Amino acid sequence: MNAIREHLETVRARIAEAAQRAGRDPASVRLLAVSKTFPLPDILEAFAAGQIEFGENRVQELESKVPGGAPEIRWHLIGHLQSNKADRAVELADCIHSVDSVKLLNKIAAAAEKRGKVQDLLLEVNVSGEESKFGLSGYDALREAAEHALGLTAVRLLGLMTMAPLDAEKSVLHATFGGLRNFRDRLEQEFSVRLPELSMGMSSDYPEAIAEGATIVRIGTAIFGGRS
């Protein structure tokens, strides 16, 4: 068995264990394989092992990988998106996780409309309040962006995304991921909508994210190995 297939099986088993510990159905958590900086052959190896969804940080990497990927692959853009790259992002990504402003929402909607596409997206929230992180800060900013997104016909708001502080204590991880879930619950109640997706948790902290309700975990290192 090749290394990537083996790693994928291990990660899937650990996701299922974490879900069961949290009293959740393992099928309610999707694995997004973060393939940023890894070559297309690694992605195709993971695809051959049954992985369908892949996450890239930059539009440039999507440009270099999407044409050579299998048509069944679903590509997610998870890194910071500058508004001048919105057009290409809409062309290449099935889902954009890192939407953090009304201005960016408008650019994405215009690009999607032009293509006759409804663009799936998540709003990125800076729950931990770290200055170095992108994302909407606080419920008021999130509420404004969500209300705007829900009024646009060319985008489909599916939920929220966040990143926890690196090497944080478990209590901080639970507070960050639980905070995102609470924000989502408030939006659902306020706007009477379903926002099913919570994209949170990476190789180092996905068990805590799953315990707090993650539906998408973004895992790279544990599948593809360390990045140079």
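This is a predicted model: local features need pLDDT of at least 70, side-chain atom pairs count only at pLDDT 80 or more; totals for chains, interfaces and linings use all residues.
View 1. On the H6 side, the contact is made by Tyr139, Leu142, Arg143, Ala146, Glu147 and Leu150, and H7 brings Phe183, Arg186, Leu187, Glu190 and Phe191 to meet them. Sorted by class, these contact residues are seven nonpolar and four charged, with no polar ones.

**View 2. Helix H5 packs against H6.** Here we stay with H6 and turn to another partner. Helix H5 (residues 102-115) and H6 have axes 10 Å apart, at an angle of about 15 degrees. Because angles under 35 degrees count as roughly parallel, that is how H5 and H6 are described. H5 passes H6 in a right-handed crossing. Look for Val102, Leu105 and Asn106 on H5, which make the contact with Glu144, Ala145, His148 and Ala149 on H6. This contact divides into four nonpolar residues, two polar and one charged.

**View 3. Helix H1 crosses helix H2.** Helix H1 (residues 3-21) and helix H2 (residues 40-48) pack with their axes 9 Å apart and an angle of about 55 degrees between them. That angle makes H1 oblique to H2, and the crossing is right-handed. Ile4, Arg5 and Leu8 are the H1 residues in the contact, and Asp42, Glu45, Ala46 and Ala48 are those of H2. By class, four of the contact residues are nonpolar and three are charged, and none is polar.

**View 4. The largest pocket and its lining.** Rolling a probe the size of a water molecule over the atoms shows where empty space is left. In this model, the largest pocket holds about 390 Å³ of space. Which residues lie closest to its centre? Of the 21 residues in the lining, they are Lys36, Asn57, Met163, Met202 and Arg218. If you are setting out to explore this pocket on screen, those names are a handy place to begin. The lining as a whole divides into eight nonpolar, eight polar and five charged residues.

Methods
Residues are numbered from 1 along each chain as its sequence is written. Side-chain values use heavy atoms; hydrogens and water are left out. Contact means heavy atoms within 4.5 Å. Helices (H or I, at least four residues) and strands (E, at least two) are DSSP runs, numbered from the N terminus. Ala, Val, Leu, Ile, Met, Phe, Trp, Tyr, Cys and Pro count as nonpolar, Asp, Glu, Lys and Arg as charged, and the others, Gly among them, as polar. On a 1 Å grid over the protein atoms alone, a cavity is a set of points where a 1.4 Å probe fits but cannot get out, and a pocket is an open set with protein on both sides within 12 Å along at least five of seven lines; lining residues have an atom within 4 Å of a point. Grid points are joined across faces, edges and corners, and a volume is the space filled by probe spheres set on the points. Axes are lines fitted to C-alpha atoms, for helices over the stretch in contact, and angles run from 0 to 180 degrees between N-to-C directions. Angles under 35 degrees count as roughly parallel, over 145 as roughly antiparallel, 65 to 115 as roughly perpendicular and the rest as oblique. A crossing is left-handed if the near helix is turned anticlockwise from the far one by less than a right angle, and right-handed if clockwise.
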